[in-house]
Structure formats: structure tokens, C-alpha cells
Amino acid sequence: MPVDLLNPHPEIREAMSKICAKFDMNYWLRCEEEGRLAQEFFDEVRQGGWLGIAMPRECGGADLGVTAVSVMLQTIAEHGGSWVANGTVQAYLFGPRAIALHGTAEQKQR
């Protein structure tokens, strides 16, 4: 199926929009003022399985790649969370990729 280059992964945009709708600007402001991780937002993203969006299937991920991650992060930013929201999930989206590419079988299993 061809990708719409003007609107790639609309299903990701829709799903992330539903998650983001649960968190208003006051939530993001409180997180920023308190200097804390947006734990409730992180939990929603994690429970939805979104942290593995770019991970290879053999490591339990969706193997959708960087375009999918970009759509996900753009959608999050558009809903008012900006750096607070994206900073909450970015390390979990990109960091484990090194394990997937260069880790031992045991590391990949964990």
C-alpha cells in the first residue's frame, strides 16, 4: 500500500491524538513547573505499546521506522505537550535501538 507523503501514518496520528486529549495544558504546565516527568502521560503511551514503534519485530516492536516515530512525536507536540511531552518518551523510542542493532541475544530478550 503506498504511503501518503503529505499525511503518513494517519492511524498513528489518530491514536496519539486520543492519548493526548486526556492531558490538558494545565497538566503540562504543572509537570514543567514541578520539574517532573509526565508520568501519567508516559504510562498511557507505554500501556498503548507505543514505545516499541520503531523497534524490530524480533525485539517485540512494531518495526515501523523513523517516519512513524516522527509522526508520533509531531502529533504529541501539536497537542500542547511540546518538549515536556516529547522529552518524556524520546529516550525510550530511540535509545533501545542500539540494543536491537548491537546487543547480545540476552539483552535483546530483556
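Q: In which helix is confidence lowest, and in which is it highest?
A: In this predicted model, confidence is lowest in helix α6, residues 97-102, with a mean of 81. Helix α3 has the highest confidence, at a mean of 96. For the protein as a whole, the mean pLDDT is 88, and 96% of the residues reach 70 or more. As a general rule, where pLDDT is low, the predicted coordinates should not be read in detail.

Q: How many residues does the largest nonpolar core have, and which of them have the most contacts inside it?
A: The largest nonpolar core has 26 residues. Those with the most contacts inside this core are F41, V45, I53, M72, I76 and V89. Two or more residues are given to the core by each of α1 (10-20), α2 (25-34), α3 (39-47), α4 (65-78) and α5 (82-94). Helix α4 supplies the largest share, six residues.

Q: Which residues does I76 touch, leaving aside those up to four places away in sequence?
A: With such neighbours not counted, I76 touches M16, C20, F41, G81, S82, A85, N86 and V89. Two of these partners, F41 and V89, are also listed with I76 among the residues that have the most contacts inside the core.

Q: Is H9 buried or exposed?
A: A residue is called buried when its relative accessible area is under 20%. H9 has a relative accessible area of 19%, and therefore counts as buried. H9 is found in the segment before α1. Residues up to four places away in sequence aside, H9 touches T67, A68 and V71.

Q: How many salt bridges does the structure hold, and which residue pairs with E44?
A: The structure holds six salt bridges. In one of them, E44 pairs with K22, and the closest N and O atoms are 2.8 Å apart. This pair links distant parts of the chain: E44 belongs to helix α3, while K22 lies in the loop between α1 and α2, 22 residues apart. E44 is partly exposed, at 24% relative accessible area, whereas K22 is exposed, at 53%.

Q: Where do R46 and D43 lie?
A: Both R46 and D43 lie in helix α3, three residues apart, about one turn of the helix. Their side chains meet in a salt bridge, at 3.6 Å from N to O. R46 is partly exposed, with a relative accessible area of 42%, and D43 is likewise partly exposed, at 22%.

Definitions and conventions. Residues are numbered from 1 along each chain as its sequence is written. This is a predicted model: local features need pLDDT of at least 70, side-chain atom pairs count only at pLDDT 80 or more; totals for chains, interfaces and linings use all residues. Side-chain values use heavy atoms; hydrogens and water are left out. Helices (H or I, at least four residues) and strands (E, at least two) are DSSP runs, numbered from the N terminus. Buried means under 20% relative accessible area, exposed over 50%, partly exposed in between (1.4 Å probe, protein chains only). Contact means heavy atoms within 4.5 Å. A nonpolar core is a set of buried Ala, Val, Leu, Ile, Met, Phe, Trp, Tyr and Cys residues joined through side-chain atoms within 4.5 Å. pLDDT is the predictor's confidence in each residue, from 0 to 100. A salt bridge is a side-chain nitrogen of Lys or Arg within 4 Å of a carboxyl oxygen of Asp or Glu.
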